[in-house]
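Subject: Structure handover

Hello,

Here is the structure for you to look through. My notes on it follow below.

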Amino acid sequence: MKKLIHKSICIILLTLSGIHLTHASALVDINWLQGRIGKPGVVILDVGSPSLAEYLQGHIPGAIYTDFKIKETWRVTNQAGVIETLPEPSHLEKLIGSLGIDNTSEVIIVASGANASDMAIAARIYWTLKVAGHDSISILDGGMSAYVADKKNPLQQGEILAETKTFKAKMRNDIIATRSQVKAALHNNKIQLQDLRPSDFYLGITRSSKNKTAGTIPGAKNLPVPWLTENNGGKMRPVAELKKLYDVANISIDGEQITFCVTGQWASLGWFVAYELLGNKNARLYDGSMADWTHDPALPVERKVVLN
């Protein structure tokens with residue numbers, strides 16, 4: 001009963017603060033974060049500082065630094081040679097535990113908040129923790145940009161060294177889409193494929209160096225990741241606006257859907273919006289995305305604009 005009352009109070013406070021939520025713990029604002037700083041069992045992950053040097057110059061008090069961009073950490077090259085994919089459980093357990101996170105920790109992920117792509121880094125780490133079976137996770141809406149916008153918010157210099165904890169992964173396959181599942185979706189009109197890349201990638205005009213072929217997965221609809229945040233910044237759009245944009249993209253907010261992009265970063269924000277903010281628990285992320293799909297030359301790719 002006490003837990004139920006506490007959760008209800010949290011939802012009311014978040015609603016009054018103006019934050020756009022359907023899942024109280026998924027997306028939080030600065031006021032909520034301030035109440036968690038320094039609390040036992042709370043781990044604030046700084047994933048937005050461009051480098052360790054910049055993190056050292058000033059970060060949220062107590063925040064632990066982790067660099068998403070370092071190869072073979074949060075994403076690895078798998079046995080098939082596909083880059084930037086989900087690590088094995090043993091790798092995740094070691095990485096997550098090294099950040100001071102155990103299975104009882106409350107984790108708050110803070111990106112820089114510069115743009116939607118940056119918020120997608122937070123979403124990818126959120127998804128990874130979720131896949132590993134950890135549910136007590138939040139993303140700070142607006143990221144570090146929102147935090148420093150108020151000069152009254154304190155900053156701490158120097159590195160905070162995490163006390164290594166034991167984390168045991170309990171892998172969840174229900175939010176992962178594999179290549180074989182995407183192949184099956186080609187013949188199932190009830191499963192929506194969402195391409196979160198910019199339209200030039202989707203149309204086949206531009207090809208990422210991480211993808212072997214230009215174009216998209218046949219039948220996919222395009223929902224460019226910058227649409228998901230206000231003015232392509234760090235603040236997520238209200239649910240009402242997101243629903244309008246899904247309608248513009250001709251994508252239903254309900255039913256089975258699989259998000260993908262170049263390697264699964266941008267698609268993570270699409271998954272986060274669908275799964276957490278719009279409440280669609282049938283949303284999955286295609287790990288590896290077009291890097292995995294184009295790794296097999298036999299798989300079809302739809303190029304809507306052919307220039308040569």
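Helices (H or I, at least four residues) and strands (E, at least two) are DSSP runs, numbered from the N terminus. The model is a predicted one, in which local features need pLDDT of at least 70 and side-chain atom pairs count only at pLDDT 80 or more, while totals for chains, interfaces and linings use all residues. Residues are numbered from 1 along each chain as its sequence is written, and side-chain values use heavy atoms, with hydrogens and water left out.

Confidence comes before the details. pLDDT is the predictor's confidence in each residue, from 0 to 100. Its mean over the protein is 93, and 92% of the residues reach 70 or more. Over residues 1-24, however, pLDDT stays under 50, and the model has 25 contacts (heavy atoms within 4.5 Å) beyond four places in sequence for this stretch.

Next, the sheet. Strands of a sheet pair through backbone hydrogen bonds, either parallel or antiparallel. Here, two strands count as paired if DSSP finds at least two bridges between them. The model has an open sheet of 5 strands in the order 1-5-4-2-3, with parallel pairing. Strand 1 (27-28) and strand 3 (64-65) are its edge strands, each pairing on one side only. Strand 1 runs parallel to strand 5 (residues 137-140), and 2 bridges join them. L27 has I139 in strand 5 as its bridge partner.

Two helices follow. Helix 6 (residues 143-149) contains A146. Leaving aside neighbours within four places in sequence, A146 is in contact with I30 and D141.

In helix 4 (residues 89-98), the buried residues are L92, E93, L95, I96 and G97. Helix 5 (116-131) is among the parts that cover them. After helix 4 comes G100, with a positive phi near 80 degrees.

Last, a pocket. On a 1 Å grid over the protein atoms alone, a pocket is an open set of points where a 1.4 Å probe fits, with protein on both sides within 12 Å along at least five of seven lines; lining residues have an atom within 4 Å of a point. The second largest pocket is lined by 18 residues, and N78, T85, L86, E88 and D287 lie nearest its centre.

Regards

Terms used: Buried < 20%, exposed > 50% of the residue type's maximum accessible area, 1.4 Å probe, protein only.
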